[in-house]
Amino acid sequence: MFGQSKAFSGFSVDDLGKARQFYGETLGLQVEESGQGDMRMLTIKLGSGASVFVYPKDNHTPASFTILNFPVDDIEAAVDGLAQRGVSMERYPEFESDAKGIVRGPEGPTAIAWFTDPAGNVLAVLQEN
């Protein structure tokens, strides 16, 4: 029924302006704003051709799970680049990370590092085998 649908994902933020700046300027993604007043929203264009819908929500609660994963060829360079832009890596007690906040493991991606957007939503960069 939905096999040919151009489905997309979405998530909320508490400040659309901060989200636009973070996703557009800090992460360097193409961000388009549309709508007016309470109906404003962002569309983030991803390199794969997919897009993500971002909308403001007064009682926003940050996603406690990873909402976007960014595969990279060199996780060290990606984490260093994020740090230069003022982005800190998150550290979770159940995962052992190195000094940069990179978790390396035998299963799943070779390496992953998590960070948050200004609204507290969790994102990740990951390097696969």
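Hi everyone. Let me begin with a term: a residue is called partly exposed when its relative accessible area falls between the buried class, under 20%, and the exposed class, over 50%. Phe95, with a relative accessible area of 38%, is therefore partly exposed. And a reminder before we go on: this is a predicted model.

So who is Phe95's ring partner? That would be Trp114, in a tilted aromatic pair with 5.3 Å centre to centre and 35 degrees between the planes. Phe95 sits in the loop between β6 (89-90) and β7 (103-104), while Trp114 belongs to strand β8 (residues 111-116), so this pair ties together parts that are 19 residues apart in sequence. Trp114 itself has 11% relative accessibility, which means we call this residue buried.

Now for the other rings. The count of aromatic pairs comes to six. One of them is Phe53 with Tyr55, which is stacked: 5.4 Å centre to centre, with 25 degrees between the planes. Phe53 is partly exposed at 24% relative accessibility, and Tyr55 is partly exposed too, at 30%. Through ring pairs, Phe8 joins Phe53 and Tyr55 in a cluster.

Last stop, the hairpin. Strands β2 (residues 30-34) and β3 (residues 41-45) run antiparallel, and five bridges join them. If you want one to click on, Val31 has Ile44 as its bridge partner in β3. Six residues lie between the two strands, and in this hairpin Gly35 takes a positive phi near 85 degrees. While you're looking at strands, remember that in a regular strand the side chains alternate between the two faces of the sheet.

Methods. Residues numbered from 1 in each chain as written. Predicted model: local features only at pLDDT ≥ 70, side-chain atom pairs only at ≥ 80, totals over all residues. Heavy atoms only, no water. Pairing = 2+ DSSP bridges. Helix = DSSP H or I, 4+ residues; strand = E, 2+ residues; numbered from the N terminus. Phe/Tyr/Trp six-rings, centres within 6.5 Å; stacked < 30°, edge-to-face > 60°. Buried < 20%, exposed > 50% of the residue type's maximum accessible area, 1.4 Å probe, protein only.
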